[in-house]
Amino acid sequence: MQMNEISRRLTKAFGGIAIAAAIAGFPLAASSQDVGTGYYVTGTESSFEDALSDLENAIVNQGLVIDYKGMLVDMLARTGETVGMKTPFKDAVYMQFCSAKHTHAAVAADPLNVAVCPFVVFAYEMADGSGLKIGYRRPVGVDGAASADALVGIDALLKSIVSEAAEGL
């Protein structure tokens with residue numbers, strides 16, 4: 001089965017969080033890339049453990065608290081037999097957190113923007129050894145100038161977190 005077919009099936013089976021699997025079908029260049037408009041991904045030469053630690057530190061360096069750390073690879077391995085699939089990842093983790101400042105701005109613009117919180121960043125390493133990536137899910141909110149301004153702020157925060165982690169600072 002080809003990687004794109006695996007990615008399509010994982011996305012269908014597991015929804016939004018497993019979308020990181022869809023990224024696996026893209027070339028694994030070390031440069032960053034916008035995947036459609038929903039995700040930002042960049043490569044890193046770090047080990048998975050170091051990249052994950054760098055991602056955690058970059059969040060904390062912004063004065064933010066990680067609410068939840070999901071072990072995506074564990075879920076995919078645990079459920080793979082049920083759906084007749086094998087995970088393409090050696091490791092994959094996502095982290096959820098929020099920023100009071102940015103969330104207040106978003107919901108002040110429109111209460112429906114509550115859906116942008118929590119923010120999600122992720123790291124994954126391919127089982128075939130073809131690459132390690134980190135990235136984030138882009139915020140999508142209600143149309144309008146005030147919402148757009150708030151979402152630009154959230155996107156900038158997330159991009160700075162991922163960029164800091166990618167540089168191993």
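**Exercise 1.** Which residues form one aromatic cluster?

*Solution.* This is a predicted model, so we work from its computed ring positions.
- Step 1: Start with the whole structure, where a search finds five aromatic pairs.
- Step 2: Now look for rings that group together: Phe-89, Phe-122 and Tyr-124 make up one aromatic cluster.

**Exercise 2.** Work out whether the length of helix H3 fits its number of residues.

*Solution.* 
- Step 1: Helix H3 covers residues 48-61, which is 14 residues.
- Step 2: The expected span takes 1.5 Å times one less than the number of residues, and for H3 this should come to 20 Å.
- Step 3: The end C-alpha atoms of H3 are 20 Å apart, so the two values agree.

**Exercise 3.** Find out how the buried residues of H3 are arranged, and what they pack against.

*Solution.* 
- Step 1: List them: Phe-48, Ala-51, Leu-52, Asp-54, Leu-55, Ala-58 and Ile-59 are buried.
- Step 2: Look down the axis of H3: these buried residues fall within an arc of 160°, so they line one face of the helix.
- Step 3: Find the partners: the buried residues pack against strands E3, E4, E5 and E6 and helix H6.

**Exercise 4.** Decide where to read this model with care.

*Solution.* 
- Step 1: The mean pLDDT is 82, and 78% of the residues reach 70 or more.
- Step 2: Over residues 1-31, however, the pLDDT is below 50.
- Step 3: Where pLDDT is low, the predicted coordinates should not be read in detail.

Definitions and conventions:
Residues are numbered from 1 along each chain as its sequence is written. This is a predicted model: local features need pLDDT of at least 70, side-chain atom pairs count only at pLDDT 80 or more; totals for chains, interfaces and linings use all residues. Side-chain values use heavy atoms; hydrogens and water are left out. Helices (H or I, at least four residues) and strands (E, at least two) are DSSP runs, numbered from the N terminus. Buried means under 20% relative accessible area, exposed over 50%, partly exposed in between (1.4 Å probe, protein chains only). The arc is that of the directions from the helix axis to the C-beta atoms. Contact means heavy atoms within 4.5 Å. pLDDT is the predictor's confidence in each residue, from 0 to 100. Rings of Phe, Tyr and Trp (its six-membered ring) pair if their centres lie within 6.5 Å; planes under 30 degrees apart count as stacked, over 60 as edge-to-face and the rest as tilted.
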